[in-house]
Amino acid sequence: MLLFRSEHLRKPIFINEHGSWAMVFIPFLSAAFHASSFSAYSLLLLFSILFFFFSYRPLNMFLHAIFQKKQAAQIYYPLTWFLLYFSVAVSSGFALLLFTNAYYLLGFGTAILFIMAAGQFLASRFKADFLRDIISIIGVTGIAPVTCSFLDHQQSSTPFFLWVCNAAFFLSSAFYVHMKMLSAGKREGAKGRLYKFRLYANISFQILCLILLITALLASLITLLQFAGFIPILLHALIGSFIFPSQVSFKKIGLIFTVYSIIFLICISQ
């Protein structure tokens, strides 16, 4: 019980990027809106997903504190929150399986965790934070097909369609944000070369997305409204590549992109 002393609970640990919350709720809600039915058990699924997601950051903090041989308080603080979040996630997941016998969800969950673990390994081993985030987005947006399959077993192509759409949307924001993270150092030697690489990668990705979306629209694979859901973030990411403010407010970017994600959710759900 020493682990749960009050000083170890002084402040909750959450994922600190604004867009990270959207990466859980938007895929889940887009699948829920597409499904032909919605049950109370879906809330258990959401709770399990959400608290597994919450446990990600305190686990990273705990492992970092262990490897860096930090003081005991710096180790027990994230460990306490990880165990609390993880307990809620496991309890919700166990109750869901008990009531629904949807054991195939374990396969989905294992695949998503494996993808995210692979991204974290690359970040730790090769300092590849950008690659980690790309891989993690592909994993986290897997929430969409998991939820869609749970709510409606009859939809054959919808789960994959929602996964691709959600992944493309959040990858668009990731390419842009990682470019902006280096904008202050774009004229400084190697850091400047890395900035240019991410600048060109961002522009290329946004243009590629736009071309694929136009092709899908012309082929009637998506509706005009679904196409419109991508436009705000694609235009922002493209235009922002040629604007260099003296200071970059990531809090402001996070809030703006949260608004874009709500627009995307409304449009993709039609």
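**A lined pocket and a set of aromatic pairs**

In this predicted model, the second largest pocket is lined by 19 residues, and those nearest its centre are Val164, Cys165, Ala168, Leu212 and Leu213. Two elements each give two or more residues to this lining, namely helix H8 (158–181) and helix H9 (189–218). Of the elements, H8 gives the most, with seven residues. The volume of the second largest pocket comes to about 390 Å³.

Attention now turns to the aromatic side chains. The structure holds 16 aromatic pairs. One of them joins Tyr41 and Phe99, whose rings are stacked, at 5.9 Å centre to centre and with 20° between the planes. This pair links distant parts of the chain: Tyr41 belongs to helix H2 (residues 41–54) and Phe99 to helix H4 (residues 72–100), 58 residues apart. The two partners can also be described by their accessibility. Tyr41 counts as partly exposed because its relative accessibility is 36%, whereas Phe99, with a relative accessible area of 51%, is exposed. The cut-off matters for Phe99, since exposed means over 50%.

A further pair is formed by Trp81 and Tyr85, with ring centres 5.6 Å apart. Their planes meet at 40°, so this pair is tilted; stacked would require planes under 30 degrees apart, and edge-to-face over 60. Trp81 and Tyr85 lie about one helical turn from each other, because they are four residues apart in helix H4. Both Trp81 and Tyr85 are buried. These two residues also take part in a cluster, in which ring pairs link them with Phe47, Phe51 and Phe54.

Helix H2, which holds Tyr41, also contains Ile49. Is Ile49 buried or exposed? With a relative accessibility of 16%, Ile49 counts as buried, because the limit for that class is under 20%. Leaving aside residues up to four places away in sequence, Ile49 touches Val24, Ile143 and Thr147.

Definitions and conventions: Residues numbered from 1 in each chain as written. Predicted model: local features only at pLDDT ≥ 70, side-chain atom pairs only at ≥ 80, totals over all residues. Heavy atoms only, no water. 1 Å grid on protein atoms, 1.4 Å probe; cavity = no way out; pocket = protein on both sides within 12 Å on 5 of 7 lines; lining within 4 Å. Points joined across faces, edges and corners; volume = space filled by probe spheres on them. Phe/Tyr/Trp six-rings, centres within 6.5 Å; stacked < 30°, edge-to-face > 60°. Buried < 20%, exposed > 50% of the residue type's maximum accessible area, 1.4 Å probe, protein only. Contact = heavy atoms within 4.5 Å.
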